[in-house]
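This report goes through the model from its overall make-up to single side-chain pairs. Please keep the sequence and the coordinates at hand while reading.

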Amino acid sequence: HSTVRPLLIPVEKQLLQFFPEPVRLQLLYKAPHHGFKMSDLISKFDQVGRFVVIVYLESGTMKGGYLSKRPESYCQEDRGAFVFEIDHQKANVFPVVKHRNAIILNKESFGFGDCLTIYSNKDKTLCVAVGFDDTYTPTDWSEELEVPFMDVELHRVGDVLLNPWRELSWTEKGSLRKNVVSFKPACRSINRVRVLLMGPPGSGKSSFINSVRSVMFGRVLLLPFIGTATKGFIKKPTAVTLCDVLALGDGETTGLTLTDALTVIKGHAPEGHKVDGICFLSGSNNVFMMIPSLAWDKDQRNLHVIFY
């Protein structure tokens, strides 16, 4: 499935403990990928569902809130809402007290009372404010109009099946592992194949790599940053390497662009080049390799590209 959890595992466990029942998180919006505008954030809310908003502050602390339905009115009642704070030492949750003012929404801002507000500044760019009011259990957060932050995420909160909906027999695990380990490239001049997985956020690239890794090691393994990792490789000594890269963005300025991806595939990017989605590779760049290295044969048989 395409469920994406970019949180570190210990932090995610702390967040999930705020819910009385088992839940899972699915990433719907990530500011660096989808845009730092209020309209970008609000548009990612599904029509039906429960949601968690997470703000990653530059201080290393995460603040956020939970709402049990899509925000639609200026003052929206939500009896299940809460705000939270997670850092390296503690994880605190603050349930709503005044239900009728739990969620505040207008064209320029979205917030959990006055405790946590995401708003647009005069340049229409996202800003974050924190404060204290009696809508939620007292947070003791000092009031700050513009808090330095690194990222804003929106997740859908989904239910988790307590029992598998069907039983699977993994009788092919041994043969699959054997096929991967014994794989040899058809071209003798090439001793290794690199498989590049590309797709938008949430398409399942990291989850696929985790599945293959689990088969290779004989136990369930997870990459540390699912959904946001810029690289992830199968570490077993095999002739095939799975490469997980930055997700394709919604436009030419977010995430990995198709232009840069094709430039890398054709061998015009030097080893170790950092793709940031802002400075595009072209013939006018100093790092652009007009003549690809010998590692790239003209048939490109040493690279398979999978678009999800």
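## Burial and the overall chain

A residue counts as buried when its relative accessible area is under 20%, as exposed when that value is over 50%, and as partly exposed in between. The structure is a predicted model, and by this criterion 45% of the 308 residues of the chain are buried.

The chain has six helices and 14 strands. Its accessible surface comes to about 17400 Å², and carbon and sulfur atoms account for 56% of that area. Among the contacts between residues at least 6 apart in sequence, 56% join residues at least 24 apart.

## The six-stranded sheet

Six strands make up an open sheet, arranged in the order β1-β11-β2-β3-β5-β6 with antiparallel pairing. Its edge strands are β1 (23-30) and β6 (91-95), each of which pairs on one side only. On average, neighbouring strands of this sheet are turned by 20° against each other, direction ignored.

I86 has A91 of β6 as its bridge partner.

## Salt bridges

Side chains of opposite charge can pair when their charged atoms come close. The chain has 10 salt bridges, one of which joins D159 to R50 with the closest N and O atoms 3.0 Å apart. Because D159 lies in strand β11 and R50 in strand β2 (residues 50-57), this pair ties together parts that are 109 residues apart in sequence. D159 is exposed at 59% relative accessibility, whereas R50, at 18%, counts as buried. Both residues also belong to a network of salt bridges that includes E21.

A further salt bridge links the side chains of D87 and K90, with an N to O distance of 2.9 Å. D87 is buried, with a relative accessible area of 17%, while K90 is partly exposed at 37%.

K124 and E108 also form a salt bridge, their closest N and O atoms being 3.3 Å apart. K124 lies in the loop between β9 (116-120) and β10, and E108 in the loop between β7 (103-105) and β8 (109-112), so this pair ties together parts that are 16 residues apart in sequence. K124 is partly exposed at 44%, and E108 is partly exposed at 34%.

## A buried loop residue

T139 is found in the loop between β10 (126-130) and β11 (149-159), and with a relative accessible area of 6% T139 is buried. Leaving aside neighbours within four places in sequence, T139 is in contact with V83, F94, C115, G131 and F132.

How values were computed: Residues are numbered from 1 along each chain as its sequence is written. This is a predicted model: local features need pLDDT of at least 70, side-chain atom pairs count only at pLDDT 80 or more; totals for chains, interfaces and linings use all residues. Side-chain values use heavy atoms; hydrogens and water are left out. Helices (H or I, at least four residues) and strands (E, at least two) are DSSP runs, numbered from the N terminus. Buried means under 20% relative accessible area, exposed over 50%, partly exposed in between (1.4 Å probe, protein chains only). Contact means heavy atoms within 4.5 Å. Accessible areas come from the Shrake-Rupley method with a 1.4 Å probe; for residues, only the protein chains shown count as cover. Two strands pair if DSSP finds at least two bridges between them. Axes are lines fitted to C-alpha atoms, for helices over the stretch in contact, and angles run from 0 to 180 degrees between N-to-C directions. A salt bridge is a side-chain nitrogen of Lys or Arg within 4 Å of a carboxyl oxygen of Asp or Glu.
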